[in-house]
Amino acid sequence: MKRIVFTVLLFLNVICAPLNYGAEEFGDFDVHYQMGNEYNNRGLVDLAITEYKKAIELNRYSPKVYNNLGVAYSKRKMFDAEIAAYKIAIELDPRYTDAYFNLGIAYGAKGMVDEEISLYEKVIELDPKNFEAFYNLGDSYREKEKYDESITAYKKAIEISPQSVNSYFNLGVSYGKKGLLDDEIAQYKKVLELNPRSAEAHFNLGVAYGEKKMYENQISEYKKAIALNPGYAKAHKNLESIYRGKGMKEEADRELSMYHDLVKK
């Protein structure tokens, strides 16, 4: 069953300021820190790292600069250096939720899911209304196949942000993993209420209908997914299998040909 991948959010603490910095406006630390932020936002990661390090030489006690240095390291996939930077930020400020959250993401990137979970739980302890922490906690629990915990986390994320399409979608996936097909279907329908153009929701709804042997509904949902995304190869392949099973050779051959054309691209 297809999953939506949540784009992880790294919290970069930025104070907006003009690009033309001068000593008369900021202290030397602030100049390097703000330049690091500017470079980080523009994707000039190596320059950002250089500026943050210069800022640290001037002030080793600023948690925000270590946090942002960690974000820069993450963009270079320098996970060990990233983790070290977030840990220093947390040592300097034990209530720094952004650093805990970012550290959780870094652990997840290294496959250290148990550590990732503990960091999101720490964020929630400090900030019980943190949507991103509950959402990522749901993902992490699902990766560990702890579907009950995953469902609880996604429900809390939805309680905090009722318009979160991805939360409903992934809640549906977790229900599906437990075989709770009616609950799964209800979540994909909610996704479609919020985003009628979600081909993924139609596709997953088709899969769920198929598991309930509601084959006409299944076919209808796959067709809707293809109408929204003509390049949806899996939907064509699943339709081919259904048609083949129903003895509809011409339709099955057509869908299989479309599938092959798409996967060759």
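This is a predicted model: local features need pLDDT of at least 70, side-chain atom pairs count only at pLDDT 80 or more; totals for chains, interfaces and linings use all residues.
A residue is called buried when its relative accessible area is under 20%, exposed when that area is over 50%, and partly exposed in between, using a 1.4 Å probe and protein chains only. Residues are numbered from 1 along each chain as its sequence is written, and side-chain values use heavy atoms, with hydrogens and water left out.

The structure contains eight aromatic pairs. Rings of Phe, Tyr and Trp (its six-membered ring) pair if their centres lie within 6.5 Å; planes under 30 degrees apart are stacked, over 60 edge-to-face, and the rest tilted. Tyr-135 and Tyr-154 make an edge-to-face pair, because their planes meet at 65°, with the ring centres 5.8 Å apart. This pair joins distant parts of the chain, 19 residues apart: Tyr-135 belongs to helix α7 (residues 131–143) and Tyr-154 to helix α8 (residues 147–160). Helices here are DSSP runs (H or I, at least four residues), numbered from the N terminus. Tyr-135 is buried at 0% relative accessibility, and Tyr-154 is buried with a relative accessible area of 0%.

Next, find Phe-203 and Tyr-232, a stacked pair with 5.0 Å from centre to centre and 20° between the planes. Phe-203 sits in helix α11 (residues 199–211), while Tyr-232 lies 29 residues away in the loop between α12 (215–228) and α13 (233–245). Both Phe-203 and Tyr-232 are buried.

Elsewhere, ring pairs tie Phe-29, Tyr-33 and Tyr-52 into a cluster.

How values were computed. Helices (H or I, at least four residues) and strands (E, at least two) are DSSP runs, numbered from the N terminus.
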